[in-house]
Amino acid sequence: MDLSFRPLHPLFAAEVSPVDLRTTESPALLEAIRAGMHQYGVLVFRDQPFTDDEQLAFAERFDGALHAKTGAAALGGNRFGNEALADISNLDENGELLAADDRRRHYGLANRLWHTDASFVEPSGRYSLLSARAIPPVAADTEFADMRAAYDDLSPELKETIESLRAHHSIAHSRQVLGFEFAPEEAEKLKGVIQPLVRTNPVTGRRALYLASHASRIVEWPVPEGRLLLQELIEHATQRQYVYRHHWRAEDLVIWDNLATMHRGRPFADTKYRRDLRRVTTLARGSLTGLCAVQPARE
Ligand code: OGA
Ligand code: MN
């Protein structure tokens, strides 16, 4: 069966023709989806009624080893008892809405800042597969920004300036920006890693900005100057022309490449409506890790 990709935006993101990913085993089909990921950076699949186990199994079939060193794990176990299945919901262990002052809610609110998944660990995150189990009756969208197009449009001078720069990424940083406080033993687990500002897709050769609200400073520069550069780059890369906004339907599966895009959740009345999404993220590894010259954090 041939897949068809219907572009959702002039630069990136496509909806893939009906296919049941739960039962997709065919190497040719998986390869066609991987090729689609290289081209589009974000793929939307409708009508994928995944169970947790099916979602985990598909992610492994698609791209191998899974990310399980989540920031949330440093705060307490997740409600599924499996750190590879990230809880992107506003629900507690009994399936009830989190109260406005619940610490887990405050932690999750940082997903509304522009970010990439798992840029704060090594190996970092590659593909995220987010499955929509329950969606509110009001818009509770996710936005994606194309970091390759944003890179392409930088001036030659700026490209040269940032080529050899590295940023320190820590999930604690994006939370602290919002006033979230960590206990010392939590902070100890969330020290973060150093990442290049530009990453190259080894298959397509396309370069992309590698940014996130987890980035706190540029290693080679004074802190204020580095923060200003990071802020300026995020501002540039998230201008309207680079952004696709996804309006969720229950049973959607959206896959994005964390080395080609950033994303953020949009605000909605989350203490009023249930929203239950579950994410599995694969690891950037092998040639990708080597090419990116990622080094461990100094502190
Ligand atoms: C995620 C994420 C945003 C949202 O799943 O990694 O950031 O809209 N989600 O829930
Ligand atoms: Mn995310």
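Residues are numbered from 1 along each chain as its sequence is written, and chains are lettered from A and ligands numbered from 1 in the order in which they are written. Because the model is predicted, local features need pLDDT of at least 70 and side-chain atom pairs count only at pLDDT 80 or more, while totals for chains, interfaces and linings use all residues; side-chain values use heavy atoms, with hydrogens and water left out.

The protein contains 9 helices and 16 strands, where helices (H or I, at least four residues) and strands (E, at least two) are DSSP runs numbered from the N terminus. The C-alpha trace spans about 50 × 45 × 35 Å along its principal axes.

Of the 299 residues, 55% count as buried, a term that denotes under 20% relative accessible area, as against over 50% for exposed and partly exposed in between (1.4 Å probe, protein chains only). Among contacts (heavy atoms within 4.5 Å) between residues at least 6 apart in sequence, 82% join residues at least 24 apart.

A search of the whole structure finds 8 aromatic pairs, for which rings of Phe, Tyr and Trp (its six-membered ring) must have centres within 6.5 Å, with planes under 30 degrees apart counted as stacked, over 60 as edge-to-face and the rest as tilted. One of these pairs joins Phe62 and Tyr127 in a tilted arrangement, at 5.4 Å centre to centre and with 45 degrees between the planes. Since Phe62 belongs to helix α2 (residues 52-63) and Tyr127 to strand β5 (residues 125-134), the pair ties together parts that are 65 residues apart in sequence. Both Phe62 and Tyr127 are buried, and together with Phe50 and Phe58 they form one aromatic cluster.

An edge-to-face pair is formed by Tyr107 and Phe180, at 5.7 Å centre to centre and with 70 degrees between the planes. Tyr107 lies in helix α3 (residues 103-109) and Phe180 in the loop between α6 (171-177) and α7 (184-189), so this pair ties together parts that are 73 residues apart in sequence. Tyr107 is buried, with a relative accessible area of 8%, and Phe180 is likewise buried, with a relative accessible area of 8%.
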